[in-house]
Amino acid sequence: KTGSSIHIGHTGGPLLGPLYAAADQELRHQDAAVLELFQFNTGADIGYALLAGKLDAGFIETDKALALLKFAEGSGLRIAGAIEFPYGATLVIRKDLDLRLDDLPGRTLAARDAHCEMLHQFETDAQRLGVDFEQINIIHLPFSDLIPALEARIIDGALLKGSQALLAQYEGHKILYQNWDVAAGDDCCPATLAQIEYFLVVRDLGDAVIAKLVDTLADTDELAPS
């Protein structure tokens, strides 16, 4: 691939901001790899395109990437990097509501699990700030259902990890509370799944090309978040 572009598959969305920035000719360094992006409907589709040799690399959700590597053992596919976000506990309030912490009693909030460390941390902080936590209606939903439940107005707020909070903000919902001192790694949120959103899966492009690709993506850390 020396001297030509690297074809990368992705599924879109704001969590892939570093990829878009790395592909932007106005933002990348002069000696950076040239990236050509192709959008797919699912991570599975990206996996099939990698196996067919139609892509050089792809950003795939963690569970789908691990399943792909297990399925395609011996194919030469491997993980070269990941997009990570801080874990933390973030309470996101529905976009049409204007609430403070002491307005939460009587409201319905959703969390992933009754044993999730994010929920325990929020309960501790809420009680410390004088909120009657026992009067808050807490329901439990899978992570994948939390933002849709906000959108459908089924719940008033949701406890989300960092990357999900970014997605919720993208939809117009509002952050009311955050605590970045929560450590991932409990049964609800294993450390890897809590912080990594996408794995960068690559074909055998040669170590030099892969290193240049990774360096080009890592250079986006120097850019402003916007």
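Colleague: Leaving aside its neighbours within four places in sequence, which residues is Thr 11 in contact with?

Modeller: Please note that this is a predicted model. Thr 11 belongs to the loop between strand E1 (6–10) and helix H1 (17–23). Leaving aside neighbours within four places in sequence, its contacts are Leu 16, Gln 39, Phe 40, Asn 41, Thr 42, Gly 43, Ile 46, Glu 61 and Tyr 198.

Colleague: Does Thr 11 count as buried or exposed?

Modeller: The cut-off for a buried residue is under 20% relative accessible area. The relative accessibility of Thr 11 is 17%, so Thr 11 counts as buried.

Colleague: In E2, which residue is the bridge partner of Ile 6?

Modeller: Strands of a sheet pair through backbone hydrogen bonds, either parallel or antiparallel. E1 and E2 run parallel and are joined by five bridges. Within E2, the partner of Ile 6 is Leu 35.

Colleague: Which residues of H3 make the contact with H2?

Modeller: Helix H2 (residues 43–51) packs with H3 at an angle of about 30 degrees, their axes being 10 Å apart. Angles under 35 degrees count as roughly parallel, so H2 is roughly parallel to H3. The crossing of these two helices is right-handed. H2 contributes Gly 43, Ala 44, Gly 47, Leu 50 and Leu 51 to the contact, and H3 contributes Lys 64, Leu 68 and Phe 71.

Colleague: Why are the buried residues of H5 on the same side of the helix?

Modeller: In helix H5 (residues 143–151), the buried residues are Phe 143, Leu 146, Ile 147, Ala 149 and Leu 150. They lie on the same side of H5 because they cover an arc around the axis of only 155 degrees.

Colleague: Which residues of H6 make the contact with H5?

Modeller: Among the elements covering the buried residues of H5 are helix H4 (117–128) and helix H6 (162–170). H5 and H6 pack at an angle of about 20 degrees with their axes 11 Å apart, and this makes H5 roughly parallel to H6. On the H5 side the contact is made by Phe 143, Leu 146 and Ile 147; on the H6 side, by Gln 164, Leu 167 and Ala 168.

Colleague: In E9, which residue is the bridge partner of Val 92?

Modeller: Five of the five residues of E5 are buried, so this strand is largely enclosed by the rest of the structure. Ala 89, Leu 91 and Ile 93 point one way from E5, while Thr 90 and Val 92 point the other way. E5 pairs with strand E9 (residues 174–179) in the antiparallel sense over five bridges. The partner of Val 92 in E9 is Ile 175.

Key
Residues numbered from 1 in each chain as written. Predicted model: local features only at pLDDT ≥ 70, side-chain atom pairs only at ≥ 80, totals over all residues. Heavy atoms only, no water. Buried < 20%, exposed > 50% of the residue type's maximum accessible area, 1.4 Å probe, protein only. Helix = DSSP H or I, 4+ residues; strand = E, 2+ residues; numbered from the N terminus. Arc of directions from axis to C-beta. Contact = heavy atoms within 4.5 Å. Pairing = 2+ DSSP bridges. Axes fitted to C-alpha atoms, helices over the stretch in contact; angles between N-to-C directions. Parallel < 35°, antiparallel > 145°, perpendicular 65-115°, else oblique. Left-handed = near helix turned anticlockwise from the far one by under 90°.
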